[in-house]
Structure formats: structure tokens, C-alpha cells
Amino acid sequence: MEHKRLKLYAYLDARDHQRTYLAIMRLFTSTLLADLSAGEVAGALAGQEREGRVEQGESRIENVINRLKQLVEWGNLVQGRREVVAASIAEFQHGSVRYQVSKLAVRVQRDVDELLRVPEGAREVSRELLPAIERGLNELGGSLSVALLNEGDKTRELLAERVTTLFLQHAELAATVRDFYAYLGQVVTRNHLAPDEIAGFRNLLVEYIQRVVEDVLKYTPPIAAALAGLAKARGELLRLLGTDLGHNVERARGRTPEDWQELTDWFVDRPGRPSQVTALREATARAIGSLLASVKRATSGGGLLPGRRAELLKLAGWFDNATRAEAHEIYASAFGLYSARHLSPAPEHDSDNERTPWRDGPVCDVTVSVRTRGDRGARGRPSRILDDPMMEQSLLAEAREADEIRARHVAELTKAAGNLENTTLTHGALEVFCELLTLAMAQRDSPRDSGSASDPVRGLRLEVAHGTTTKIKSAAGTLTLHDATVALKR
């Protein structure tokens, strides 16, 4: 099912005739209940072809039929038929087959047109919706009380109106917050800021973000209190809003318990699941820290040499205004790369096809060293590893000595295993004992559980269980273990 629905987006990234598919889908979604034949679609495309918005020849009827069939295959259009009066068989075939747009395809095209209209800058957060949501919840509580006393059609309609308005307001608020912080995250990843951008980001930090967070934190407590009050009568609210429209009908927001739980989770924390308000506060703190670091780096120079961003933008402007021949000359002069004959076998084909111009291909990221210093040299080369036989023998001798010392300490603990409380351990033996005791204690979930640990080389095993008080004597003092019995075994 998911794969079938994802095919609805295929026309947006089609290898060929992308503009034609987009023009056809806009034609079908421009009016309600669009029912068009191939001839009518061809007539509409003819005007766009004259204006240059689609390629030449795309308005021919045979090409239009192929494009419509492809959209039907992807699931964007559905076929239908109706009776027509035609003068020929061809006219009958072209006029009798009608096309309508599917429900999901309308959503896809609507989202596409909205995305193409969105500017690149930040989106203003609809802070004015917070007091509206608070008033809506309070009014909803009063409308619910009236509806429970008098379950008439008018009271139910008023209740449904308030619920729908409330969820539309919250959806708009949540969308603007997500878009604004998505833009903020995009800005945070920038490694270099132009001087004219610093003032704008300073206002974004000091003024706008602060107002957004203050308003959210101000209205969250009363909204959370109102949601808690409605939670007790949520079952009655859903019963009054209930209408049997079938399982395949997409209900409006606020008609299911999941919708109300999602609204509550946006404002109220739950154990192990922080609310969106908490996430907003944390994201703001991280963004402010990152943006302040970027501004500081930009104002302080960011290194020993000045940034090369202005030079790179100037070079990009030369490429944008140059002809094809001039672009090759600029490229050779700027990067020192000239035409060459490849005597080795051709490399493997990359993700681009052979018909994609270089200007439409994937964007190559410019590293920070090139962007700031114009330095293409590789960084972080490992140093040479020198062969030092004397150091190697010294380290091996130290490892052997440490192993011998541990063996003596383990042997001391093994000898004292039968009479541990009456034996005074040395400092090293006590360290080995505490090491095994720590590992054994880590296996216990409660004081009444047992645990064990052993030395992996010499096999000494320590077991601890619930019992009386145990005292271990050593040269450094006495270790007292309450409600624990310790035993050493070989």
C-alpha cells in the first residue's frame, strides 16, 4: 500500500516530460469535480505550449493520450466513460474516455503548489493562536456542559464547530513552529555568515525567538489545565460528536481519542515522553548557542586569513553570466583544469545520466578549509610510526611485572579463602578483592539476591549472598559489609 501511494509522486521527478505532467495535474486540480477528455486536455495544453511553459509538440493528441495513460498507471488519474455525439471513430474514442483526478493525487498536487510558493526565509510563528486556543478550550467546556443537559441538534453543531476550530488553530500553530525551527536548524548548520546577515540573525535571536518562547510558556499552564478538565468528559464529548459515516471515511480532527491525545502531548509532558513545548524550549537553547557561536566566529574573522566566501560568490556570478565557451575558459583559469585525454578505462557511471548538464547535476560541497582559507591541502595526515625495540622490550617487562604482582595477590586471596575474616590482607590483595566484589555486587538487583565474579586468568571466584555482617581486615583498615556473606572459591 505504501509503495502504491508513493508512486503518486513519480510525475514530479519523471525523467522526461516533467513540465507536461505538472501542467496536466494543475489542470485537473484547478476546478472541483474535473472531468476532462484527452481532447480537452490537449486544447488546454496548446495555450501553454504557445507560451513556452511546456515543450513543443506536447499538445498533440497522441502525446496527451500517452501522458494521461501514464498518470493513470501511477494512480494520479482514474478513467471513466460517458455518452458523446461524435462525427468519427477517432473523435468518439477521444471524447468517450474521460479522466478524473484521484483524492490522494489532489493532496499531492496541492502540497506541491504550496511548496513552490513558499519563500526561502523564515516563516512567522502564529503566536496569536495561543490565546485563541486557550479561549477555545474554555468555551468548549461550557458548550459541552450545555450539550450534556440538552442534546439537541443546535448544541451539537455548536460543539462540533468549537472542536473543529480548536484543532484547525492548533494545526496552524504547530505547522508554523515546525517550519520556523526547520529554518533555524538550516541557519545553525552554516559555517560562515556574511556581514549583512549578522544583524538579521541578531534580531532573530534577541527579539523574535524570545517572544515566541515566552508566549508558549505563558499560555501552556492554562491550556494544560483546560485539557486536564476536558479529559474527564472526553468520552461524552466524542459520543456527542459521533456520526456513523463508515470506517473508510476520513473524519475531521478532534473526533477520535488519538486526536485529543496528540493535542495533549503537544502541551503536557508524560513520563518518558516530553511534550513539544519542552522540545521547543530545548531546541531554542541549542539554537541560540549555535547561532551566537556562528556570529562570534563571523565577527572575529574565524581564522588567520579572511574568508573566501565573497570571492567564491563572485566566481559563481561570472559562471552564471558567461556563455558556454566563456564558462569553460573561466573554469580552466580558476581551477587550473584543462582538457585532457583519458588513456585509462572510463570510470563507473555515477548517479547522473548522460543527458544531465553539469549545472543541473548534484551540488558539490565546498569544504570549510577551501571556503575560509582557499586551501585544498589534505588535513589530519597520520604521523609515521617509528620502530623502537628498546621501548617495546620495556613495555613488555612492565606488563610481565604487573602480571606477577597480580598473581601474588590472587595467591594470597586463595590461601585466605578458608579463613577470610581472620586473615589480614595486604593492600594489593584488598584491591583485587574489591575489584571482584564490585563485579559481583553489580549482578544483584536487590539486597537478597546473590552474585558472583571470577578472575578470568587464574580462576579465583568470589560469591556474595544475603546474610550476616562480614568484616575483611587489611593493612589499610577494616572493610565492613552489612547483610552480606562473602566466600572465596578456587
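The following legends describe an overview and two close-up views of a predicted model. Residues are numbered from 1 along each chain as its sequence is written, and side-chain values use heavy atoms, without hydrogens or water. Local features need pLDDT of at least 70 and side-chain atom pairs count only at pLDDT 80 or more, whereas totals for chains, interfaces and linings use all residues.

**Figure 1. Overview of the protein chain.** The secondary structure comprises 17 helices and nine strands (DSSP runs numbered from the N terminus: helices are H or I of at least four residues, strands are E of at least two). Of the 490 residues, 32% are buried (under 20% relative accessible area, with a 1.4 Å probe and protein chains only). Among contacts (heavy atoms within 4.5 Å) between residues at least 6 apart in sequence, 60% join residues at least 24 apart.

**Figure 2. The aromatic pair of Phe 167 and Trp 260.** The structure holds four aromatic pairs (rings of Phe, Tyr and Trp, the last by its six-membered ring, with centres within 6.5 Å; planes under 30 degrees apart are stacked, over 60 edge-to-face and the rest tilted). The ring centres of Phe 167 and Trp 260 are 5.0 Å apart and their planes stand at 90°, so this pair is edge-to-face. Because Phe 167 belongs to helix α8 (residues 153–188) and Trp 260 to helix α11 (residues 257–267), the pair ties together parts that are 93 residues apart in sequence. Phe 167 and Trp 260 are both buried.

**Figure 3. The aromatic pair of Phe 180 and Tyr 181.** This pair is edge-to-face, with 5.4 Å from centre to centre and 80° between the planes. Both Phe 180 and Tyr 181 are buried.

Note on methods
Buried < 20%, exposed > 50% of the residue type's maximum accessible area, 1.4 Å probe, protein only.
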